[in-house]
Amino acid sequence: MSSDFSSTDLGAPRRTVRRGSLIIALVAIGVVAYGLTIRAKESDALKQWTNEQSIPSVTLVEPVPGSNVSTLELPARLEAFARAPIYARVNGYLKQWHVDIGSPVKAGQLLGEIETPDLDQQLLQAKADVAAAKVNAELAGTTAKRWQSMLNTDSVSKQEVDERLGDYAAKQALLQAAQANLDRVQANKGFTRLVAPFDGIVTARHTDIGALINAGEAAQPLFVVSDMRKLRLYVNVPQSYAPALGQGTLAKVTIPGRPGVEYSASLVASSRAVDAASGTTLFQFLVPNKEGELLPGGFARAGIELPASQATLSIPASAIIFRQDGLRVATLGEHDKVVLKTVTVARDLGKTLEISTGLEAGDKLIDSPPDDITDGMQVRANTKANQGAGQS
């Protein structure tokens, strides 16, 4: 009896210990399993986040119809409608000048006078040569008449009469030569008076009283007279825009120093040739300048109105991709994948470009695409305000 009682009493605590150990083991297994599950979920979430972050984020813009009229801004230069450098035709010294820079002058008005002592002596000599030649010609003529009258009396031979007539003709030729030389010297003497060729403004004076004057264009001009009632505006237009400019095309002209003031100019001429060095065509506009506000030789900016020649789409210049295979743009296709399209630029307006072919109005255009963008690349799109339309 006593042995059975003691074994029963010992088995109950052992079973209790086993149950506790089992419970502890199950709890530990559950904790481990829970931890592994949480770690797996976090790993999946991290992997998904990493994959999402590896997809490039792009900004979308919409192409818009190009404007019917755009303005091309180009640098230009102003020149006088007529500009005449006044050179000396005779050597001497400046005797007097009568007008200074900025003075208005009329056609034929005296600008200055040249003192020519050498030419004065040549003029006296030419007059004396004419007088001597005239006397010799008169004497030869009288002699020829006398000998011709004696021919009828057979007192002289016909040979002698012909010699006298020939001498008279030679003396007349010498008289004409002397007279022509006198006329030349007198014409040169007239060049001692420097006069304005047309109504205008004296824009330069490069001489003073007593200055040595050398004739010819190799020397510096003594005066410069400019007609500034209207000015010529010269603009070098890129070759791609030259065909769009026709007779009567208008330009708005602005100059430094007069902000907010615009002057109207109209196209009158073109060089009708492309400069090989710059790839531009020279166009000439006329600008009225009755008030004299515009100065020749100055810098200006010309805003030339260009009518659209065809239906175009306007996009930001930052959306263009420059590659060896030509100009392209990146658009967003199905499932947010990139579709590259080849386009043709109709006009470059600076910040914006007008596209004539290769793009449709409903395309979702990627602005500032990454350099390594390719067809079929997965991207994540963001929306951006429309920046398609604009002027240069």
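Let's start with D227, which sits in strand β10, running over residues 223-238 (a strand is a DSSP run of E, at least two residues, numbered from the N terminus). This is a predicted model, where local features need pLDDT of at least 70, side-chain atom pairs count only at pLDDT 80 or more, and totals for chains, interfaces and linings use all residues. Residues are numbered from 1 along each chain as its sequence is written, and side-chain values use heavy atoms, leaving out hydrogens and water.

D227 has a relative accessible area of 9%, so it counts as buried (under 20%, with exposed over 50% and partly exposed in between, using a 1.4 Å probe and protein chains only). Leaving aside residues up to four places away in sequence, D227 touches A80, F81, A82, F198, D199 and G200; touching here means heavy atoms within 4.5 Å.

Next comes the largest nonpolar core, with 26 residues. Such a core is a set of buried Ala, Val, Leu, Ile, Met, Phe, Trp, Tyr and Cys residues joined through side-chain atoms within 4.5 Å. L233, V235, V237, L245, F285 and I304 touch the most other members. Strand β10 gives this core its largest share, five residues. Apart from it lies another core, of 24 residues, with L94, L182, L194 and A196 among them.

Finally, look at T342 in strand β18, residues 338-342. T342 is partly exposed because its relative accessibility is 47%. Not counting residues up to four places away in sequence, T342 touches L327, R328, T357 and G358. From T342 to L359 it's 17 residues in sequence and 8.1 Å in space, C-alpha to C-alpha.

Methods. Helices (H or I, at least four residues) and strands (E, at least two) are DSSP runs, numbered from the N terminus.
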